[in-house]
Amino acid sequence: LASHEILAGAVDARGSATNVFSDQAALTGYSRFTASALTLHAGAHLRGTAGWYGDSAITVADGAALTLSGNTTSLSTTEIHPAHYFTNGINLGGANASVHMAPGSHSFSDVSGLAASVITLGNAGATASPQTVYAGAVTAAQAGMQIHHDSRWIITGDSTLNSLRANNAILGFDDKNATRQTFLTQAGSGSMPPLDPPQAGSPKIAYALAADTVTASDSVFAFRVDPYSGEHDRLAVATRLEGSGNRLRIADFGLPQTTASVQARESLLLSAPSSTPANLFTLDQAFASSHDDATPAQGDPWLGGLAVSRDADRRQWWVLSMRGDAPWRVTQDRQFDLVHLPTAGRVELSRPEADWTPHTLKTDTMIASGVHFALNARPQSGESDSILITTLAQGDDNSLDLSLLLHEPVALDSAGALLLATAPLPTADSYFKPGSITQGLTVYSPNLEIVSTGTQKKWQLTYKKLPEALPP
């Protein structure tokens with residue numbers, strides 16, 4: 001089939017090739033391309049409005065355009081209804097090749113290209129349009145993608161772009177096989193088996209998205225993290241990341257393990273140039289199920305936090321996975337731009353071991369409520385773990401749980417004060433409160449005091465040796 005003039009209607013192609021040369025071609029009825037390639041030649045523009053199924057690739061030549069949109073042919077000409085498209089692949093053939101997933105389209109296809117092509121989801125400025133949903137992997141290192149208001153990209157494989165722009169959009173990762181099967185069913189061909197059927201109990205695969213530049217505002221970025229194995233999705237931005245008001249959502253896609261002990265993890269979700277503002281992303285939700293029908297986690301639920309750090313040339317966003325029997329352990333002095341801890345989370349700054357060394361957790365901003373911090377202190381040497389907050393302490397009611405480490409003999413006049421935490425002066429006194437003291441009460445009489453200076457508020461432990469008990 002070759003279209004050089006106006007085309008309107010539906011196509012049912014089997015074992016053939018369809019070539020479009022016209023810029024006025026529209027598939028207004030549901031179409032099928034079975035073992036049939038579809039090629040849009042230079043200057044062509046094909047519009048789909050009713051959905052289709054194709055098990056072969058679509059080639060969009062340099063200077064050609066493909067538009068997939070919702071269905072306006074039913075009920076009324078103004079109301080847009082979802083139209084479902086399934087294609088095994090879309091190949092962009094040049095810098096002037098473009099594909100547009102318009103409002104109302106729900107499409108699955110991997111997209112590839114070697115030139116500076118353009119991929120668009122949704123319409124700019126369209127705030128009342130139906131959602132655009134695109135699922136697939138994009139391998140187009142020179143191409144740009146724009147994701148407009150109320151559009152969603154489900155990333156189902158490792159992807160590469162030159163530029164990515166998102167505004168009021170949703171970007172998230174999901175399993176390729178499960179997503180593919182869902183779109184196959186929606187596009188009217190649910191009988192085909194999924195690619196590479198997974199073995200029962202096999203781990204799911206994480207994906208990576210890389211882009212040279214990303215501009216994102218008021219958008220949601222959803223990552224999957226396996227807190228058991230440490231496997232996780234990731235986003236790497238090479239040159240520039242800018243925007244504001246973006247939120248991170250973390251889903252647990254791990255399989256509970258019964259043989260190995262669990263441990264807290266720090267998983268690097270996102271990295272960008274060090275000049276990127278630390279507050280460009282906030283933590284919106286952590287460790288909700290990645291699927292609505294998922295079985296609840298066994299035992300203690302996983303809790304998720306966020307830590308933002310910076311080294312010489314990169315800023316990094318880490319998800320902290322922890323639970324009741326797996327606290328986040330600070331194994332050395334650590335410094336962050338921001339730490340956001342989950343309610344009821346537990347943080348161990350050190351462990352009371354024979355070669356104990358105190359640790360300092362320092363951050364510009366801390367967001368925490370109802371968190372238990374386990375600290376150790378050695379009054380005889382004047383050493384203690386400490387928490388230093390330099391700019392903003394947000395939250396309340398966090399506990400400082402303490403162990404007093406001793407070695408004999410203890411001087412009779414042993415007394416003093418140890419700094420446990422500091423925060424900016426406006427911080428409420430109740431931000432930190434005394435927690436449990438598990439060791440040393442038979443030797444010392446400890447007390448948590450709050451001291452305000454010109455710019456800081458300090459929570460410090462004062463201690464005094466108890467008098468020796470008189471012999472009976």
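This report looks at salt bridges in a predicted model.

## How many there are

Let us start with the overall tally. The count of salt bridges in this model comes to 13. Side chains of opposite charge can pair when their charged atoms come close. Two places in the chain show how this looks here.

## A pair at Asp-12 and Arg-14

Asp-12 and Arg-14 are joined through their side chains in a salt bridge, with 3.5 Å from N to O. That distance is within 4 Å, so the pair qualifies as a salt bridge. Is Arg-14 buried or exposed? Arg-14 has a relative accessible area of 55%, so this residue counts as exposed, the cut-off being over 50%.

## A network around Glu-348

Which residues are linked in a network of salt bridges? They are Arg-329, Arg-346, Glu-348 and Arg-351.

Glu-348 takes part in a salt bridge with Arg-346, at 3.8 Å from N to O. Glu-348 also forms a salt bridge with Arg-351, where the closest N and O atoms are 3.7 Å apart.

Note on methods. Residues are numbered from 1 along each chain as its sequence is written. This is a predicted model: local features need pLDDT of at least 70, side-chain atom pairs count only at pLDDT 80 or more; totals for chains, interfaces and linings use all residues. Side-chain values use heavy atoms; hydrogens and water are left out. Buried means under 20% relative accessible area, exposed over 50%, partly exposed in between (1.4 Å probe, protein chains only).
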